[in-house]
Amino acid sequence: MSGASANPAMATCAVASQSDSKYVKINVGGTLHLTTIDTLCKQDTMLRAMFSGRMDVLHDVEGWVLIDRCGKHFGSILSFLRDGSITLPDSRRELDELLQEAKYYCVQELVRQIDTAMNIHDPEPICQVPLITSQREEQMLVSKTSKPVVKLICNRHNNKYSYTSMSDDNLLKNMELFDKLCLRFNGRVLFIKDVIGSNEICCWSFYGHGQKIGEVCCTSIVYGTDKKHTKVEFPEARIFEETLNVLLYEHRGKGPDAELMQATRGYRDHGSGYHSDDEDDKLDRALRRK
């Protein structure tokens, strides 16, 4: 449609002389709408300024008021002016488009409702895993948190890595178990990941009350005919056991329950075989420190 600028005095007079119940023809970017002056002036918006005579308006030759905007969401704008609320779209893109139109027409209450809806549509992550880049970062995290800590070192690029048929699979299993434990004990244990801080290929460390209380190394030396290789293992039962052990250190300010610690040690003695004298010595030292 062709458009022409109306005489401001005539436009003001034409709008002001209309009854509030009389329909107004509006062309928004080629989308045609019929509404009343009463609807357009219900709230303190740019549309009230336009149709109360405070702003100049453009008409085409057929008398349609021209607004140079996309008309896709103008119907929603009018519905909000009539009723004070609308059903907001589910799509994030649609919400953003409607928000831009609400801002353009200065419909402040609709802007507020859309902002609230968009914040709700941005879910918080279930859990967040810090990726440490230095020993200093690790010490800071371990010392400041009130939670037990489980750390996984995972250096896939390590030159000692042995590309055997099982090494790749076991490394992936360790990483998958780490993710599952993060979800299972989220909020109770602080999980951190280290990809550059050690020469180890895959190693789990466990901390309670700021002290290292356990470690599970997932690499082993395999001797061949001409040289030795390092390959990754997957001691799943022992990793899970040590993770349960750190839960005994959940509350800083009191030591672990001695009977429970003894019970977990007894389980290890009769369990899957992942037992060594060094591990018992570490637990004994941890208990003596408390």
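Predicted model: local features only at pLDDT ≥ 70, side-chain atom pairs only at ≥ 80, totals over all residues.
A residue counts as buried under 20% relative accessible area, as exposed over 50%, and as partly exposed in between.

**Aromatic pairs**

The structure contains 6 aromatic pairs. In one of them, the ring centres of F178 and F191 lie 5.8 Å apart with the planes at 85 degrees, so this pair is edge-to-face. It links distant parts of the chain, with F178 in helix α8 (residues 167–184) and F191 in strand β8 (residues 190–194), 13 residues apart. F178 counts as buried at 1% relative accessibility, and F191 is buried as well, with a relative accessible area of 4%.

The rings of F185 and F240 have their centres 6.4 Å apart and their planes at 50 degrees, so that pair is tilted. Because F185 lies in the loop between α8 and β8 while F240 belongs to helix α9 (residues 236–246), the pair ties together parts that are 55 residues apart in sequence. F185 is buried, with a relative accessible area of 6%. F240 has 26% relative accessibility and therefore counts as partly exposed.

| Pair | Centre distance | Plane angle | Geometry |
|---|---|---|---|
| F178 and F191 | 5.8 Å | 85 degrees | edge-to-face |
| F185 and F240 | 6.4 Å | 50 degrees | tilted |

F178 and F191 also belong to one aromatic cluster with W204 and F206. Elsewhere, the charged end of R69 sits over the ring of Y104, 4.0 Å from the ring centre.

In soluble globular proteins, nonpolar side chains tend to be buried together. The largest nonpolar core here has 30 residues, of which L47, F51, I77, Y105, L110 and I114 touch the most other members. At least two residues of this core come from each of β2, α2 (37–40), α3 (46–51), β5, α4 (74–83), α5 (92–104) and α6 (108–120). Setting aside neighbours within four places in sequence, I114 is in contact with L88, L95, L98, L99 and A102. A second, separate core comprises 23 residues, including F185, W204, V246 and L247.

**Strand pairing around β2**

Strand β2 (residues 23–28) runs antiparallel to strand β3 (residues 31–36), and 6 bridges join the two. V28 has T31 of β3 as its bridge partner. The hairpin of β2 and β3 has 2 residues between the strands, and G29 takes a positive phi near 60 degrees there. Strand β2 is also joined by 3 bridges to strand β5 (residues 65–67), in a parallel arrangement. In this pairing, N27 stands opposite L66 of β5.

Note on methods: Residues numbered from 1 in each chain as written. Heavy atoms only, no water. Pairing = 2+ DSSP bridges. Helix = DSSP H or I, 4+ residues; strand = E, 2+ residues; numbered from the N terminus. Core = buried A, V, L, I, M, F, W, Y, C linked by side-chain atoms within 4.5 Å. Buried < 20%, exposed > 50% of the residue type's maximum accessible area, 1.4 Å probe, protein only. Contact = heavy atoms within 4.5 Å. Phe/Tyr/Trp six-rings, centres within 6.5 Å; stacked < 30°, edge-to-face > 60°. Lys NZ or Arg CZ within 6 Å of the ring centre and 35° of its normal.
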